[in-house]
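Reader: I have a model open beside its sequence, and I would like to learn how to read it feature by feature. Could you take me through it, giving the general idea before each case?

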Amino acid sequence: MTRKSDVAFWLHLLAAPLMIHPVFSSLGVLDGNDSLNIMVLIVVLYVFMTVLSISIDRRAFMVSSLMYVMYALSSLIENYGGVGYSLAVTGVVMGVSLLMLSIYWQAVRRMFLARLPARIRGYLPAANLG
């Protein structure tokens with residue numbers, strides 16, 4: 001609504017990938033390290049990024065880490081599921097998941113914030129009731 005909030009939005013959108021990339025690249029994902037443990041850790045980190053995104057009401061963390069989790073899931077499916085079109089399957093599953101989350105974002109956020117202690121909730125933006 002204000003110029004400051006507009007600037008903050010774009011700074012957050014720029015900062016999210018700059019914070020996410022070092023985390024995933026330190027795992028060696030971009031160097032071809034696609035062991036089972038690393039791929040599972042990437043999925044766990046993505047779930048953490050999703051919880052963080054819902055908590056602070058910003059989707060940029062999820063979007064920034066989306067390519068890493070898609071790579072991890074397609075690698076897991078390809079190596080352990082034997083499906084030749086693993087990237088397509090991963091894209092469809094992630095796409096549907098993110099579409100459903102975006103449709104029910106406010107409801108999910110309200111339910112999530114209701115389960116947090118009031119002390120933590122005080123530091124987070126209030127949930128939209130509409």
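Author: Let us begin with a term: two residues are in contact when they have heavy atoms within 4.5 Å of each other. The model is predicted, and among contacts in the protein chain between residues at least 6 apart in sequence, 55% join residues at least 24 apart.

Reader: What is the pattern of the protein chain, read along the sequence?

Author: The pattern is α-α-α-α-α-α-α, that is, 7 helices and 0 strands. The C-alpha trace spans about 45 × 25 × 25 Å along its principal axes, and of the 130 residues in the chain, 31% are buried.

Reader: How should I read the packing of two helices, and at what angle do helix 1 and helix 2 pack?

Author: The angle between the two N-to-C directions is the place to start, and an angle over 145 degrees counts as roughly antiparallel. Helix 1, residues 3-25, packs with helix 2, residues 36-56, at an angle of about 155°, and their axes are 12 Å apart. That angle makes the two helices roughly antiparallel, and helix 1 passes helix 2 in a right-handed crossing.

Reader: Which residues in helix 1 and helix 2 meet?

Author: From helix 1 come His-12, Ile-20, Val-23 and Phe-24, and these meet Ile-42, Leu-45, Met-49 and Ile-56 in helix 2. By class, the residues of this contact are 7 nonpolar, 1 polar and no charged.

Reader: At what angle do helix 4 and helix 5 pack, and how far apart are their axes?

Author: Helix 4, residues 66-80, packs with helix 5 at an angle of about 135°, with the axes 8 Å apart, and the two helices are therefore oblique to each other. Their crossing is right-handed. Helix 4 brings residues including Leu-66, Val-69, Met-70 and Leu-73 to the contact, while helix 5 brings residues including Leu-87, Val-89, Thr-90 and Met-94. By class, the contact of helix 4 with helix 5 has 9 nonpolar, 4 polar and 1 charged residues.

Reader: Is Thr-90 buried or exposed, and which residues is it in contact with?

Author: Thr-90, which is found in helix 5, is buried, with a relative accessible area of 2%. If its neighbours within four places in sequence are left aside, Thr-90 is in contact with Met-70, Leu-73, Ser-74 and Ile-77.

Reader: How do I read the faces of a helix, and which residues are buried in helix 6?

Author: An α-helix has 3.6 residues a turn, so residues three or four places apart point the same way. In helix 6, residues 105-115, the buried residues are Trp-105, Arg-109 and Leu-113. Seen down the axis of helix 6, they fall within an arc of 55°, so they line one face of the helix. On the other side of helix 6, Ala-114 and Arg-115 are exposed.

Reader: What do the buried residues of helix 6 pack against?

Author: They pack against helix 2, helix 3 (60-64), helix 5 (86-103) and helix 7 (118-121).

Reader: Finally, what should I look for in the backbone, and where does Asp-57 lie?

Author: Most residues other than glycine have a negative phi. Asp-57 has a positive phi of about 60° although it is not a glycine. Asp-57 lies in the loop between helix 2 and helix 3, and with a relative accessible area of 17% it is buried.

Key. Residues numbered from 1 in each chain as written. Predicted model: local features only at pLDDT ≥ 70, side-chain atom pairs only at ≥ 80, totals over all residues. Heavy atoms only, no water. Axes fitted to C-alpha atoms, helices over the stretch in contact; angles between N-to-C directions. Helix = DSSP H or I, 4+ residues; strand = E, 2+ residues; numbered from the N terminus. Parallel < 35°, antiparallel > 145°, perpendicular 65-115°, else oblique. Left-handed = near helix turned anticlockwise from the far one by under 90°. Nonpolar A, V, L, I, M, F, W, Y, C, P; charged D, E, K, R; others polar. Buried < 20%, exposed > 50% of the residue type's maximum accessible area, 1.4 Å probe, protein only. Arc of directions from axis to C-beta.
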